[in-house]
Amino acid sequence: MTKLSAPKGTHDLLPPDIALWQWAEAVMRDSFARANVHEIRTPLFEATELFKRGVGETTDIVNKEMYTFEDGGQRSMTLRPENTASVVRAYNQHGMDRWPKPVKLYYMGPMFRYERPQQGRQRQFHQVGLEVFGVDTAASDAESILLAWQLLQALGLKDLTLKINNMGMPEDRHRFRQGLRDHLKDQLGALCSDCQARYETNPLRMLDCKNPDCQAMYQKEPIHTYIRTDFSSPDAQAHFAEVLALLDAMAVPYTRDPMLVRGLDYYTKTVFEITSDNLGAQSAVCGGGRYNGLVKQLGGGNNDVPATGWAMGMERLLSLLEPPKPQGLDVYVVSDDIPTALQWVTQTRQAGFRADWDPTGRKALGKQLAQADKLGACVALLLGESERNSGQVIVKHLASGEQETLAAGEVLARLGQVLHHTRVCL
RNA sequence: GCGACUGUAGCCUAGUGGUUAAGGCCCCGGCUUGUGGUGCCGGUUAUCGGGGGUUCGAAUCCCCUCAGUCGCCCCA
């Protein structure tokens, strides 16, 4: 009998971890709210066809990383590997092209990819993302990037690098790919096996190969000059220049990276990535860009709906932050009489305090006080037999050991004074 | 899918061929049946990741497998 454990590449989030998540989620929701971005929640699974068409048949995600299964009606379903395709599907399905432009949506939730786990990569991971529909301006790209950048600042992340590039339109890329193939046709044998495969499937990927021999090859003329020349149309080049100008105006530091090629098929014009040096091999915290054409491709009628957006990896991002101190307990109710204890713990909770008690049946006050201490309570309320008989409560301050005896009716008011004071000390 | 390293109680660790696998933390109880933190005493928790092999004898050596970690590929 093997022990049951969480599936490979998945993770339980235990109470000590949760505080950081809830805090980060709250910061993000607040940032989005102030930018007039609204949440959308789509299903965790969709028709497999959606991801094939949306993410791209040639991508690794679709080819080898999808959790695909057949449902009871012999429909092929897939656990979402990313959320953009689903959001676009929802945009089309609900006629959001009739909503006031731009439509700005954010999402937050688990994604699933069948991959070999390593640092910063799991089979179930969480992304938060932004999608902006209906505007094809550099201004919209700039706002999107700025929101990502500011979100990361608000979370207190440091040592981040924003890399940005212009991928042009699909036809520009097609032309560039052909040119690249022509330049490298005769040196194929000198390249690594990965690059030889990329030559067929995705030539742009060859450019950020880490093999020194391949890099040397790409530095030679005339390949070098060909690579460095912006292959995109004048329109796309003007768009990109404007994005950069707006980032300059907002004092967002960036690095132009001609080697930055995002893997998903749907990107057009602007692409960017935000990385951290403190993450190990999987250093991208946020990735995104413009994806004009996807909405139409996923059935958005005749209208070409331009769009831009990004996604962040929660786990990667949170691993860069310090876990906060656990929240303590205000009150621990100590009594050898269960109805009395239950009544007092309920009453203090209703009054707004974090309160707990001992439901194990232990009568000894010493044992119960030991619990109060372990849980880090500020104050213990002692309700023994003599207090019950006299209608009094002993309020014991755990840190100092001092205690005071009060009439039952005065206790809540006294807790209000005392705990206001202690909470500040926490 | 490929490669490297690592698997001993809930957690950390000792033990590298020889009787019932040792210690610390945590948890529970006692010293203290109305007062916590420190101390002392006691207790629960391990088919040594799993399977097979070598051996009189395996946590220890060999093979397979599973899991974890990191890396490649790719991505958040």
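This is a predicted model: local features need pLDDT of at least 70, side-chain atom pairs count only at pLDDT 80 or more; totals for chains, interfaces and linings use all residues.
## Basis of the model

Residues are numbered from 1 along each chain as its sequence is written, and chains are lettered from A in the order in which they are written. Local features need pLDDT of at least 70 and side-chain atom pairs count only at pLDDT 80 or more, whereas totals for chains, interfaces and linings use all residues; side-chain values use heavy atoms, with hydrogens and water left out.

## Domains

Chain A is divided into domain 1 (15–169 + 232–318) and domain 2 (329–425), with bounds from an automatic or database domain assignment. The C-alpha centres of domain 1 and domain 2 are 50 Å apart.

## Sheet and packed helices

Eight strands make up an open sheet of mixed pairing, in the order β1-β5-β6-β11-β10-β9-β7-β8. Strands (E, at least two residues) and helices (H or I, at least four) are DSSP runs numbered from the N terminus, and two strands pair if DSSP finds at least two bridges between them. Because β1 (38–39) and β8 (255–256) stand at the edges with a single partner strand each, one side of each lacks a neighbour in the sheet. Two bridges pair β1 with β5 (residues 103–112) in the parallel sense; His38 has Leu105 in β5 as its bridge partner.

Helix α10 (residues 234–249) packs on the sheet and touches β7, β8, β9 and β10, its direction making about 160° with that of β7. Helix α5 (residues 138–154) lies across β5, β6, β7 (160–166), β9 (268–276), β10 (284–290) and β11 (307–313), and runs at about 15° to β11. Contact means heavy atoms within 4.5 Å. Axes are lines fitted to C-alpha atoms, for helices over the stretch in contact, and angles run from 0 to 180 degrees between N-to-C directions.

## Hairpin

Strands β3 (residues 67–70) and β4 (residues 76–79) run antiparallel and are joined by four bridges. Thr68 stands opposite Thr78 in β4. Five residues separate the two strands of this hairpin, and Gln74 in the turn has a positive phi of about 60°.

## Cavity and pocket

On a 1 Å grid over the protein atoms alone, a cavity is a set of points where a 1.4 Å probe fits but cannot get out, while a pocket is an open set with protein on both sides within 12 Å along at least five of seven lines; lining residues have an atom within 4 Å of a point. Grid points are joined across faces, edges and corners, and a volume is the space filled by probe spheres set on the points. The whole structure holds one cavity of 30 Å³ or more. The largest cavity contains about 60 Å³ of space, and its lining includes Trp357, Asp358 and Arg362.

The second largest pocket contains about 450 Å³ of space. Of its 19 lining residues, His11, Leu13, Trp21, Gln122 and Glu315 lie nearest its centre. The elements giving two or more residues to this lining are α1 (15–34), β6 (124–133) and α12 (314–318).
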